[in-house]
Structure formats: structure tokens, C-alpha cells
Amino acid sequence: MFAVRAKSAMTFKDGDYSIPFYMQPRLGGAEDLRGYRPYRFRGDNLLVMNVEYRWEVFSGLDLALFADAGKVYTHKSDLGLRHLESDAGFGFRFNVRNKTFLRLDAGFSHEGFQIWLKFNNVFQKGPIHTSSSMGDF
């Protein structure tokens, strides 16, 4: 089974105001660019894409191969697929009744590798890593 996700977050500001760093969209970590440390990239706008191929090894355990790509950028004109940071890796999905309760991912990028142990599904709905109350679009 293939799982695919793409998301973006865009901020619009008036004049020369800047967005405080703690409210800027961020990339890196177990939910988006899994080959990078948490909050590795921060900017005014965000674009990220993930793809996974999963298959059942036996009841209760799935294996996954994944690739992630994304970027943060300041100007709206930088929106596009150029200059993306990327990673690839593999993972284990432990599940009960097709609901993932534990996942173990190993992501590899040009900056090294990261190991993630999480008690959720990677593509579940949730916040876009901002301090605002807005959810996924």
C-alpha cells in the first residue's frame, strides 16, 4: 500500500513586519523530514511531501520504505519544487486491527541519520508545527 501526503503553510504579513521565530512553520523531526533533527528548518512558509510504501510482514507488523522532501522559504515566489531538502529511510509499524500504535523509523539525509520511536501514525491529522490554533488545511 502507498501512503502519500503533501502539506503547506503560508503566512502573509503586512509591510516590514517579521513573524516571531516561535510562530514560524518548522520542518524536521519524526512527522515530516525524518532524516533531520527536530525543527531543523524554520521560515515564513513551508512545503513538505511524504511518500511511504508499506507492506504487511505478518499480523501486527508492517514494514515501510519512505521518502520525504520539503523546504521552508521567505518569499511567495520561492514556492515550487526547486531546492528541496530530502531524506529516505525505512520503518516498522506495529498495529492492532489495522491501527498503528507504535512506529520505529530510521531516516537518512546528507546530514546523517535519525531514529524515531513514536506512539502514533505518521500521517495522522494534527497541527502544522506552529503555535497557532490552526490545524491542517
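Phe-92 is partly exposed in this predicted model, because its relative accessible area of 28% falls between the 20% and 50% cut-offs. Phe-90 is also partly exposed, with a value of 37%. The rings of Phe-90 and Phe-92 have their centres 6.3 Å apart, and since their planes sit at 90 degrees, over the 60 that the label asks for, the pair is edge-to-face. Ring pairs also bring in Phe-108 and Phe-113, so you get a cluster made of Phe-90, Phe-92, Phe-108 and Phe-113.

How many aromatic pairs are there by this rule? The count comes to seven. One of them is Tyr-36 with Phe-41: the ring centres are 5.1 Å apart and the planes are at 70 degrees, so this pair is edge-to-face.

| Charged residue | Ring | Distance from ring centre |
|---|---|---|
| Arg-34 | Phe-66 | 3.7 Å |
| Lys-71 | Tyr-73 | 5.5 Å |

Now for Phe-101, which you'll find in strand E7, running over residues 99-109. Phe-101 is partly exposed, with 43% relative accessible area. Along the chain, Phe-101 and Phe-119 are 18 residues apart, yet in space their C-alpha atoms are 5.4 Å apart. Phe-119 is also one of the contacts of Phe-101 once neighbours within four places in sequence are left aside.

Terms used
Residues numbered from 1 in each chain as written. Predicted model: local features only at pLDDT ≥ 70, side-chain atom pairs only at ≥ 80, totals over all residues. Heavy atoms only, no water. Helix = DSSP H or I, 4+ residues; strand = E, 2+ residues; numbered from the N terminus. Buried < 20%, exposed > 50% of the residue type's maximum accessible area, 1.4 Å probe, protein only. Contact = heavy atoms within 4.5 Å. Phe/Tyr/Trp six-rings, centres within 6.5 Å; stacked < 30°, edge-to-face > 60°. Lys NZ or Arg CZ within 6 Å of the ring centre and 35° of its normal.
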